[in-house]
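Open the model in your viewer and keep the selection tool at hand. This tour moves from one selection to the next.

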Amino acid sequence: MIFLNGQFMPIEKASISVLDRGFIFGDGVYEVIPVYSRRPFRLDKHLHRLQHSLDGIRLRNPYTSEQWSDLIGQVVDKNAGDDQSIYLHITRGVAKRDHPFPDVPPTVFMMSNPLLPPQPELLEKGVAAITASDNRWIRCDIKSISLLPNVLLRQIAVDAGAAETILIRDGFLTEGSASNIFVVKDQVLLAPPKSHLMLPGITYDVLLELVAENHVIHEVREISEDELFSAEEIMLTSSTREIMAVTRLNEQPVGTGSPGAIFRQLHQFYQQYKATHMRGGLTS
Ligand code: PDD
C-alpha cells in the first residue's frame, strides 16, 4: 500500500500526471527512512533533513512533524514486514510546463520496501568500489530527486562489477553515489566534514556517535585523494546498507584486502546499537 496525495492505495492503482514537475523537471526532494521492528528509526532527524531539503528548493512543507509521523506510521502499518524502508517524495506539483514556480499543491508520495540486512558474504568479504570525479551540482546537502548524476556515477561501479562509486572533487573525497564514506589512515578513523558537497547522512551521524562513545580515535576533516588511495580501511554507510567495508578500490586491495579491525569493531557497535536502540524500543 502506498500513500499518494492524502490517500492510501495499492501501488497498481496509483498514478500521477505527466505534467508533474517531478517528472518534467526533477523538481522535488525525498527521504529514505529505515524502519526496524515497525518503528521508524531517527524519524525526527529524517524530518529535520527533509525540512532542510524543502527549504533548499523553496517548497513549503505540506505537513507538520506530527502529521508526517502519523502518515508514516500508517504506511508502516499497512505494509508487511517488521523491517521496512520508507521512501518519501515531494514534488512541486502539477502545472503547465514552465520554469517559474506554479501556485499549485505539491505531490506527496510514500511507499514501503523491505529493509534487508547486508548479505553475510558481503560483510565477510567487503565490497569493491571505483572512484570517479564528483561532477554533481554544489548543493549535494539537498536530498533532491534529480538523481541523474548519481545514477550515471553509480553505473560506472555497476559496469566495473563494483558496489559503489566513491566521489572525488578538487582532490578531496566527498561521499559515495548513494552513501557516506569513512577512511582509516594511520589507525585513525577519518570522516569528511558535512558541507554543501555531501548529503549529511543519518547513518554517518550514528557511526560518529558510536565512535565517540567507544573512544575510537577519529577525526572529522577533509580527506585527500592520496589518503583515500593509501587508506588502511575504507567503509561506507547508508540507511539501506548500514555499514560495509570497501575492500577493493579501483581493482586494487584496500589494506589487506579483507575487512579491517576498525570496521569489525564498528560493525559490532552498530549491531549492538541496533539490538538495544533500534529494536529495543528506543527510536533515537
Ligand atoms: N541514499 N549520500 C548520498 C548521496 C545518499 O544518497 C545517501 C543515502 C547517503 C547516506 O545517507 P543516510 O545514512 O541518511 O541513508 C549519503 C539513500 C539510501 C537512497 O538514495 O536510496
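A salt bridge here is a side-chain nitrogen of Lys or Arg within 4 Å of a carboxyl oxygen of Asp or Glu. Keep that cut-off in mind for a later stop. Note too that this is a predicted model.

**Stop 1: the two domains.** Colour residues 2-114 as domain 1 and residues 120-278 as domain 2. Their centres, taken over C-alpha atoms, are 26 Å apart. Now select the contact between them: 25 residues come from domain 1 and 22 residues from domain 2. Together the two domains bury about 1,900 Å². Carbon and sulfur atoms carry 60% of that area.

**Stop 2: the bridge across.** How many salt bridges lie between domain 1 and domain 2? The count is one. Select Arg42 and Glu209, whose side chains meet in a salt bridge at 2.7 Å, N to O. That distance falls within the 4 Å cut-off. Side chains of opposite charge can pair when their charged atoms come close. The whole structure holds 17 salt bridges. Arg42 sits in the loop between β4 (39-40) and α2, while Glu209 belongs to helix α6 (residues 202-213). The pair links distant parts of the chain, 167 residues apart.

**Stop 3: the domain 1 face.** Show polar contacts across the interface next. Nine residue pairs make them, both residues at pLDDT 80 or more. Then highlight α1 (21-25), β3 (28-36), α2 (43-56) and β5 (84-91). Each gives two or more residues to the side of domain 1 that touches domain 2. Which element gives the most? It is β3, with seven residues. By type, this side of domain 1 has nine nonpolar, ten polar and six charged residues.

**Stop 4: the ligand.** Zoom in on Glu175: an N or O atom in its side chain is 2.6 Å from a nitrogen atom of the ligand. Move to Thr203, where a side-chain N or O atom is 2.5 Å from a ligand oxygen atom. Finish at Ile202, which has a polar backbone atom 2.9 Å from an oxygen atom of the ligand.

Terms used
Residues numbered from 1 in each chain as written. Predicted model: local features only at pLDDT ≥ 70, side-chain atom pairs only at ≥ 80, totals over all residues. Heavy atoms only, no water. Domains from an automatic or database assignment. Contact = heavy atoms within 4.5 Å. Buried area = accessible area lost by both parts, 1.4 Å probe. Polar contact = N/O pair within 3.5 Å; in protein donor to acceptor, adjacent residues only side chain to side chain. Helix = DSSP H or I, 4+ residues; strand = E, 2+ residues; numbered from the N terminus. Nonpolar A, V, L, I, M, F, W, Y, C, P; charged D, E, K, R; others polar.
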